[in-house]
Amino acid sequence: MEFITDGIIHAEMSGSTKLPYQTLFGLTLEETQTLIRHVIEEDIDGQEWYLPNFSILEIDGEPATCLSSWIEGENGNGSGLLKAQVMGWILKEKWTNATQQLECLKSIQLPRIQSALQLECIYTKKEYRGKGLASKLIKHCIQEAVTSPQQPKMAEIQLLGNNEAAMRSYTKCGFLLREQSTSSHPEILNLLAHHTRVSLTRNL
Amino acid sequence: MESSDIRSQLSTIFDSVFHCGAINITDDLTADQVEKWDSLTHLTMIAAVESHFGIRFKLKELTGMKNTGDLVRLISEKTKAG
């Protein structure tokens, strides 16, 4: 759980020092870690932080890389809606007070492809970087998905435009730019590390 | 409360949150079919429903809802129980 929480935080920071849940809801790092753990513990299938969605690659018994993967809309609801419901339910008035900031985030949102394999929260510990572990884990998750009963026809990853390391890992695995959304909202760079969100896809 | 009453009241709530006019609340109505129904307005709608009917949803109930039919059934159960 600790490694996955760290992985989520680093993936969300997208190579910057800006953590969206801190900027959105005015949380400390410790409160953000507690929020992420709480969302995971609520055990809601279909959203990206559902624990069984995570794959971890270990080196000498130590967790080195993690990645979350799921089939979008598999249980009838989109992953974004489910995560928003869980976070809104946990944060209550902090969520309500962040309405303006959340509206700003909508200016960069891209809809996820229904029934596609979604990959998120890719993170490799510093000491294990440069060994191709992320690519290895991406290929593993894709292989698992194509042999699963759902047999998705496409894989998608969404990330911020500045996340070059993750972009390299995905393009090595055959992903291509499908769509991007750039926000001109004046507040977007106060909330996120970049004003462009990209969707990369690969046929399976 | 009858399902038809719940649907009629939901139509008013949906209009106030999604600005969609007086829409027909069918069982299979989902967020995809209403332009302004997204993750943010969804939570506003749920808060408005809870306040209007004097009920509270559990998290698993919220995340288990697949369409408006599920919402109507839950409101019906909760208002009966209350």
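Chain A contains 9 helices and 6 strands. The model is predicted.

User: What makes the radius of gyration of chain A agree with that of a compact globule?

Analyst: For 204 residues, the globule rule gives a radius of gyration near 17 Å, and chain A has 16 Å, so the two agree. The C-alpha trace of chain A spans about 45 × 35 × 30 Å along its principal axes. Of the 204 residues, 40% are buried. Among contacts in chain A with a separation of 6 or more, 75% join residues 24 or more positions apart.

User: How do you know that the span of helix α7 of chain A agrees with its number of residues?

Analyst: Helix α7 of chain A holds 14 residues, 133-146, and at 1.5 Å a residue should span 20 Å. The expected span is 1.5 Å times one less than the number of residues. The end C-alpha atoms of the helix are 20 Å apart, and therefore the span agrees.

User: Why are A:Leu133, A:Ala134, A:Leu137, A:Ile138, A:Cys141 and A:Ala145 called buried?

Analyst: A residue is called buried because 20 or more other C-beta atoms lie within 10 Å of its own; these are the buried residues of α7(A). They cover an arc of only 140° around the axis, so they are on the same side of α7(A). Their cover includes β1, β2, β3 and α8 of chain A.

User: Which residues of chain B are in contact with chain A, and how many?

Analyst: In chain B, 10 residues are in contact with 16 residues of chain A. On this side of chain B, α2 (39-53) and α3 (59-64) each supply at least two residues, and α2(B) gives the largest share, 4 residues.

How values were computed. Residues numbered from 1 in each chain as written. Chains lettered and ligands numbered in written order. Predicted model: local features only at pLDDT ≥ 70, side-chain atom pairs only at ≥ 80, totals over all residues. Contact = placed C-beta atoms within 7 Å. Buried ≥ 20, exposed ≤ 12 C-beta atoms within 10 Å, placed from the backbone. Arc of directions from axis to C-beta. Rg over C-alpha atoms; globule rule 2.2 N^0.38 Å.
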